[in-house]
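Hi there,

Here is the structure I promised to pass on.

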Protein chains: 4
Amino acid sequence: MKDKLRVGILGATGAVGQKFIEVLDGHPWFEITALAASERSAGKRYADAANWIGSMSIPPAIADMEVVAAAPDLEADFVFSGLDASAAGDIEPLFAREGYPVISNARNYRMAEDVPLLIPEVNPDHTALIDQQDRGDGFIVTNPNCSTVGLVCALKPLVDRFDVDAVHVVTMQALSGAGYPGVSSLDALGNVVPYIGGEEDKVVTEPTKLLGRLVDGRIEPAALRVSAQCTRVPVLEGHLEAVSVQFRGTVYAEDVKEALRTWHNPIAGYDLPSAPARFIEVFEDERFPQPRRHVGLGRGMTVSVGRIRSCEVLDVKFIVLSHNTIRGAAGGAVLNAELLVRQGRLAKRAVAGVVAG
Amino acid sequence: MKDKLRVGILGATGAVGQKFIEVLDGHPWFEITALAASERSAGKRYADAANWIGSMSIPPAIADMEVVAAAPDLEADFVFSGLDASAAGDIEPLFAREGYPVISNARNYRMAEDVPLLIPEVNPDHTALIDQQDRGDGFIVTNPNCSTVGLVCALKPLVDRFDVDAVHVVTMQALSGAGYPGVSSLDALGNVVPYIGGEEDKVVTEPTKLLGRLVDGRIEPAALRVSAQCTRVPVLEGHLEAVSVQFRGTVYAEDVKEALRTWHNPIAGYDLPSAPARFIEVFEDERFPQPRRHVGLGRGMTVSVGRIRSCEVLDVKFIVLSHNTIRGAAGGAVLNAELLVRQGRLAKRAVAGVVAG
Amino acid sequence: MKDKLRVGILGATGAVGQKFIEVLDGHPWFEITALAASERSAGKRYADAANWIGSMSIPPAIADMEVVAAAPDLEADFVFSGLDASAAGDIEPLFAREGYPVISNARNYRMAEDVPLLIPEVNPDHTALIDQQDRGDGFIVTNPNCSTVGLVCALKPLVDRFDVDAVHVVTMQALSGAGYPGVSSLDALGNVVPYIGGEEDKVVTEPTKLLGRLVDGRIEPAALRVSAQCTRVPVLEGHLEAVSVQFRGTVYAEDVKEALRTWHNPIAGYDLPSAPARFIEVFEDERFPQPRRHVGLGRGMTVSVGRIRSCEVLDVKFIVLSHNTIRGAAGGAVLNAELLVRQGRLAKRAVAGVVAG
Amino acid sequence: MKDKLRVGILGATGAVGQKFIEVLDGHPWFEITALAASERSAGKRYADAANWIGSMSIPPAIADMEVVAAAPDLEADFVFSGLDASAAGDIEPLFAREGYPVISNARNYRMAEDVPLLIPEVNPDHTALIDQQDRGDGFIVTNPNCSTVGLVCALKPLVDRFDVDAVHVVTMQALSGAGYPGVSSLDALGNVVPYIGGEEDKVVTEPTKLLGRLVDGRIEPAALRVSAQCTRVPVLEGHLEAVSVQFRGTVYAEDVKEALRTWHNPIAGYDLPSAPARFIEVFEDERFPQPRRHVGLGRGMTVSVGRIRSCEVLDVKFIVLSHNTIRGAAGGAVLNAELLVRQGRLAKRAVAGVVAG
């Protein structure tokens, strides 16, 4: 315990904040020492302040902690931000300025030039952007939108091997991606909603940064076009995506399978606690992957791919599944923090005169 | 009543047969006079033979009818076939040979050269293929697969106006399309199944015939490629489809909207009882169409289109919704029969010495 | 058209108000002439003010009407109130005072001594309470809670024939009963919520008034106890209830069936437009009734009963199903108005100097 | 590993058999050494023979095992039976005769006089019935129906403290209780089915045996009546039950809460691997328990109780939730086996000349 890094959660009572608590339960490197939320919740016992929506109980030690205001005087070596976009824009830079590394799930700074948009298996070198940040003694690192993550994880081995020209994706996204209370049950039950506000823009723009190359301290975006149609389906967890890819040059479905199977995972030797045994699981059974059956693979951190075959219009098409609140949110952010630890970018710090342990 | 055509239903106890009964309830031109099913059901009262799954009750007059074997001695001027593909292959030609027009929903003869694959608004002239048929005094006419129908209805105005090169479609199909008992609830609830056996082939092949031109008594297939990814979602009725279209030549989203709005419906003046007031409903609200809200438009015969906008990879993309068991099955077949009446191809006939009325 | 009564809808943009519009579409006696809602909506076109959630489109004539404020100067012979309880308490008496009959679905005045809590088939004579009202030239009539209605309809024939001592009911209620957005999809999908705020109290108290006798201008409550456990299940429309009844004296399941089948409906001869052909449908098939299949019987106005059998703890148990937003809300209120017309208690009135037609 | 007992699974490819495999994964005392199924599956690799429906992958060691026929020559110290009732009737006695202890989830022998119907926390002494068995060197022990378990667990502390006269239960049961493919999605989605064949009889009869007293080597049934109404709701896992209890003598809701909280668990000191930290979790939040949130408590072995309050018709009512395929099936059977180990009734045996380890 003495060696664990102390972690603060910003937006601790919201849906993403709750997921951070679930994912960090029993974490070998990180220990939650501060739960920050809005003024309305500050001063309350966590179990009273949060409308806990998870299927796991609140860990007892967390339940009794007092919620504090989201001010940069937390007893923490760094913070995870599960803040809403409306709050993250102001609060996250404040924490960075006061010396806190901010590992954020919010969308606000994802496309900022000096902020890494990070998936450890995809672009671990992008953390070098931190060196460009002039945001105080701390810094901000972000993870992508939940609908971007699975797509980009599946594309990375293809981009590394082939010349990807264009990507067409239709998403079937889970309800939990909308937070709580989120989607009305009258819109969800037995229905599909063919629109999710702001979502398609993120799927179109984030992949070019994630798959871009770091050149002279800047990200050179990947030269590929993305078309996205995002829909909401009555599924609790797991975004399923129908992807078609067009390459420059001839690439067959078998080539894509081969690329996925033989790709070298750059963090393979890092032994990060949240990294799944298999980054990508490729299914041969044409009925798979399915959200209900496979969303939990690798404790929600594995990305599943199936039905790889030729496309009559573009070149190759396939199905991708990823867990939207674990790999696509809290779990992804925690893995980002683990990478930063391995890279020596996250360490103990003295906070407000208090030393943990 | 005296003037109504007498109708037999083949496969009357199955899911499609039941839908024929629902759709024909109170029909002004057609009257069900024979219910045919397997030997197992023959001789039973219909209400006892059928495991009625609909939300409307069995019409009382139908409930008490006796089910007969599917032999070509029915008291009927023509038959609707809701037979399974396993039975339709043999039984439908038998009825045609014995003089019955067979208006079929089965897949067996859809791609046969001499058989019209018919959507009245799309290719009403294709019924001329009947003249090529050498199948006895009767004939066979088919309607397309439920996942093909909505797509082709939305494409028709585009094909008429522009030069369509390629179509990419991802379907989110309702459970009722799989019949009864069909999909297990453990596969359906809170899940998406990214595969439907045989479905994608139909979506790839049927549109080229439907959108083809009749030249010298044969169908010249439309020169367009289709790529389909079919999925099953937990929706009861209504197939939603995400469609992207590539044109030869420059076509913008506004052109597509304009084409859909100004297209001339070739059966506009026919006054067919099952034809909806609006063949295609175009939505501006980006949240629409949705299965739960819009599947019933035009009593299930209207095709809904929304989110028409430019595609970053192909040219234009949009959403299509159609009712899979009405427009996509029983209702479509009934509309086909109505067209044939208007064209003078369906009329009263003497059957087994019995004259109705 | 000249003879139709002019109807105003209070709370016209809400979920109940929308259902009033659906139910009144094409009504032979009533014509919507005023749509009233909050100040926020006043002045807007109805289609713009309402977030229409129904599966039927907004009737075109309604879509273009201007929403007005809920002030008692509407051009209407009477009003239906779909107001929230927070607004109904003040606004309904105001309309009554200004001379409008108020046919309300709100809960506020249901248990008021001078206000009929009305189900036409159950207690049509209770409208005599109107004569006791000293609320201005108008009056207020209410219909019961959606979870009370089915139960009381099924109990009425039993109360008429036997001496009912106690009723134990467990409800499985549809999501639409909570309005829009109502229940979060994360609480609804694949879940049951064993609590609905305020609901059990209504099921316990309303039946004794509904089944009470009118004595000297007052309601003498029925001498029966009710125990209710209300749950929310992932169903869109239709409250299913598991009911067990204890009688004073010996009553068998067969007696209950007989009572339900032979009961005389007091409004049988009234020919009310919304009254179903069958008030109660009794099923012998032990799998029935089910929400998805039977909620629409009698256009949502029939109450379904099944599985009538002896109870090992009380005397007889059975299942009841009723449509919560039609029989249990808007449809029930419209039927109440129809009864009042037949009883001569609703008629044309001069409003603000305007005469309809 | 050397000390683990060798376990055979009868009916290994079915839904219950699969759950046994999940529950036994990583079990500290038991190791699966034989997978038995029908002749059709025998000889196949398990992963090929089983249509695996779980959300966890098949454990790799299991996936490659060869399925054998269900004949009593398995290399196993005892067997778990997940057989269908149609097969269990013949096969289970055969295994007992050949010396295998049979820990069965099938219904066939539950009510047999000499067979324990066992829930370790409820009636651990009932295993003494084994001494009465004259079924060969082996024996049969059963666990109750999935809808009985939660009810009886919640009743046990009440029966121990008070004089329970009657129990009224309405169940809302999960789809997984019907096996695979089980319930059709068209019957499940957005629906409630108010009937489950054979289920109510089990809920009525099994509790009297489970709660009965062992007297002179026989079970004296508990003197209480049970009335059950069983329904199927669109939930994947977790049977929710609305229970009302009538006592002889005065018992209040507070007494029930107190009894549940202070009850002494007879296996508290046994340290059985599958026993949950809390046998019964009592909720004060009136919205709880709910299947989606709480079914996994105690890894599916905790029984949840909530909404304890007085009943207007009987005495006290409450809600019970239990996991139907873990506590109510495979997990319950494994706990039974663990109890038998502690009681010295399960041990290593020589099988067909083979000794494990």
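Strand 1 of chain A (residues 5-10) is mostly covered, with 6 of its 6 residues buried. Here buried stands for 20 or more other C-beta atoms within 10 Å of the residue's own, with C-beta atoms placed from the backbone, and helices (H or I, at least four residues) and strands (E, at least two) are DSSP runs numbered from the N terminus. Please keep in mind that this is a predicted model, where local features need pLDDT of at least 70, side-chain atom pairs count only at pLDDT 80 or more, and totals for chains, interfaces and linings use all residues. Residues are numbered from 1 along each chain as its sequence is written, while chains are lettered from A and ligands numbered from 1 in the order in which they are written.

In a regular strand the side chains alternate between the two faces of the sheet. In strand 1 of chain A both faces are covered: A:L5, A:V7 and A:I9 are buried on one side, and A:R6, A:G8 and A:L10 on the other.

What are the neighbours? Strand 1 of chain A runs parallel to strand 2 of chain A (residues 30-37), joined to it by 6 bridges; strands count as paired if DSSP finds at least two bridges between them. A:L5 stands opposite A:F30 of strand 2 of chain A.

Now the domains. Chain A has domain 1 (5-143 + 331-342) and domain 2 (146-323), with bounds from an automatic or database domain assignment. Their centres, taken over C-alpha atoms, are 24 Å apart. The contact takes 28 residues from domain 1 of chain A and 26 residues from domain 2 of chain A, where contact requires C-beta atoms, placed from the backbone, within 7 Å. On the domain 1 side, helix 10 of chain A (residues 326-342) gives the largest share, 7 residues.

Best wishes

Key: Buried ≥ 20, exposed ≤ 12 C-beta atoms within 10 Å, placed from the backbone. Contact = placed C-beta atoms within 7 Å.
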